[in-house]
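Please look over the sequence and the model shown here.

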Amino acid sequence: MTLSPALRSRTIALVGLPGVGKSSIGRRLAAALGLPFRDADEEIERAAGRSISEIFAERGEAEFREGERRVIARLLDDPPHVLATGGGAFMNAETRRLISEKATSIWLRADLEVLARRVARKNNRPLLRGDDPHKILVGLAEQRHPVYADADITIDSAEAPHSATVSAILDALEARVS
């Protein structure tokens, strides 16, 4: 598949619930496009010198979200890349505005049962600790799906190889620039 050079001219920001594959799909998408990959959570941890779980525990979610907003704003000033945002980043109106101005946003959407199975394998997500992950994801989906729907493109991330999701993203991006 020959990709339009226009696909490399703007940052692509992936948004969606925890476990949807923003980082793993983002890395593959970046490779397919020949763009750098940036993970907002990794950048936040690097800037803070501590893990996201530690930031949540020591500073609380509100302070974490403010740091997240600043890091994403800085990343959006960089040359085009694929950016995996944290699950709650797009909920911040200022972050959403910056993404809208400086990137193409893609909502990776997946079935909550699939997400619950994926997130149960890891214990590094502060919002999903201490309760039934499926129950928490249902609540997050109720809050976040209407906001995620503001993304430029929506892609369903099914239980299929990541390559299928990357192909769907590339097709949607090509359709958008043609």
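The report below takes the sheet, then the core, then the charged pairs.

This is a predicted model, in which local features need pLDDT of at least 70 and side-chain atom pairs count only at pLDDT 80 or more, while totals for chains, interfaces and linings use all residues. Residues are numbered from 1 along each chain as its sequence is written, and side-chain values use heavy atoms, with hydrogens and water left out.

**Sheet.** Five strands make an open, parallel sheet, ordered β2-β3-β1-β4-β5. Its edge strands, β2 (37–39) and β5 (153–156), each pair on one side only. From one strand to the next the twist averages 25 degrees. Strands here are DSSP runs of E with at least two residues, and helices are runs of H or I with at least four, numbered from the N terminus; two strands pair if DSSP finds at least two bridges between them.

Strand β1 pairs with β4 over five bridges and with β3 over three bridges. Thr 11 has Ala 103 in β4 as its bridge partner, and Ile 12 stands opposite Val 82 in β3. Both faces of β1 are covered: Thr 11, Ala 13 and Val 15 on one side, and Ile 12 and Leu 14 on the other, are all buried (buried is under 20% relative accessible area, exposed over 50%, partly exposed in between, with a 1.4 Å probe and protein chains only).

**Core.** The largest nonpolar core has 52 residues, and those touching the most other members include Ile 12, Val 82 and Ile 169. Such a core is a set of buried Ala, Val, Leu, Ile, Met, Phe, Trp, Tyr and Cys residues joined through side-chain atoms within 4.5 Å. Leaving aside residues up to four places away in sequence, Ile 169 touches Ile 25, Leu 29, Ile 106, Leu 108 and Ile 155, where contact means heavy atoms within 4.5 Å.

**Salt bridges.** The structure holds 16 salt bridges, each a side-chain nitrogen of Lys or Arg within 4 Å of a carboxyl oxygen of Asp or Glu. Three of them are listed here.

| Pair | N to O distance |
|---|---|
| Arg 27 – Glu 42 | 3.0 Å |
| Arg 65 – Glu 61 | 3.2 Å |
| Asp 156 – Arg 109 | 2.6 Å |

Asp 156 in strand β5 and Arg 109 in strand β4 are 47 residues apart. Arg 65 and Glu 61 are separated by about one helical turn because they lie four residues apart in helix α4. Arg 65 is buried at 18% relative accessible area, whereas Glu 61 is partly exposed at 34%. A network of salt bridges links Arg 38, Glu 43, Arg 46, Arg 74 and Asp 78.

Notes:
Axes fitted to C-alpha atoms, helices over the stretch in contact; angles between N-to-C directions.
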